[in-house]
Amino acid sequence: MNWADAGFEVFGTHVLWTDLIGNIAALSTVLLAMRKSMWTWPVQFAGSVLLFIASINAHITGNALKQALFAGLAVYGWWAWRRGTQDGKQLAVRPAQWWERSLLIGVMLLGTAVVGLLFFVTGLSWGAQVPLPKGAFLVAADAYIFVGSAMATWAQGRALVDFWVVWVAVDLVGVPLAFSSGLVVSGWVYGIFFVLVVVGFVKWLREYRTAELSVAVAQ
């Protein structure tokens, strides 16, 4: 057994260290994002690398590609937040503009269809090996999580309050898919994510409204 396969048994289930530590890093990313900490992005990058390895071992290529994309988006997010905090400024959060919201919805719908077709034709999604109609559902779920996660991270880099809402939509599919794939830790972490994401959304929205109220009073 190499280091990528190393883990331990919990109630008869083999838990990979890469899956466990990667998800701890991913969970920490949510907590850091709530506080708008620049550490959000380096921690996300490290967690993505570990979860990429765990996904490859579990033969979930779609999820592995998602983690590779996350690593790239972590670089973008760090750059964007760094620009937004130059000269000692606080990172300003805001709701998405109409075009940003339209882009998020449009890309998630169209992207899921395109990526789902690609995953099915190339066999990149493990669901492509499952008989229809269940296989089609699994491929679509894989593609939806891939595209939704990318758009949520993109919106997070732009400090949009809406990114939390996108994560809620992703988690609703991600939790059952992770458990059915055998990534037990990922499944439980997705469930915890769901709670934290709702808290994060309320926190960022309250912060935005407080800032807007302060500006209105000052005028």
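This is a short chat about a predicted model.

Q: What should I know about the numbering and the model before I start?
A: Residues are numbered from 1 along each chain as its sequence is written, and side-chain values use heavy atoms, with hydrogens and water left out. The model is predicted: local features need pLDDT of at least 70, side-chain atom pairs count only at pLDDT 80 or more, and totals for chains, interfaces and linings use all residues.

Q: How many helices and strands are in the protein?
A: Seven helices and two strands; both are DSSP runs, helices being H or I of at least four residues and strands E of at least two, numbered from the N terminus. The pattern along the sequence is β-β-α-α-α-α-α-α-α.

Q: Where does UniProt put the "transmembrane region" feature?
A: The unreviewed entry lists residues 15–34, 41–58, 102–124, 136–154 and 185–205. UniProt annotations may be inferred rather than shown by experiment.

Q: And what does the chain do over 136–154?
A: That span is 100% helix and 0% strand, with its end C-alpha atoms 27 Å apart. Residues 102–124 are 91% helix and 0% strand, and there the end C-alpha atoms are 28 Å apart.

Q: Different topic. How much of the protein is buried?
A: Of its 219 residues, 44% count as buried, meaning under 20% relative accessible area; exposed is over 50% and partly exposed is in between (1.4 Å probe, protein chains only).

Q: Which helix does Val199 lie in, and why does Val199 count as partly exposed?
A: Val199 lies in helix H7. Val199 counts as partly exposed because its relative accessibility is 43%.
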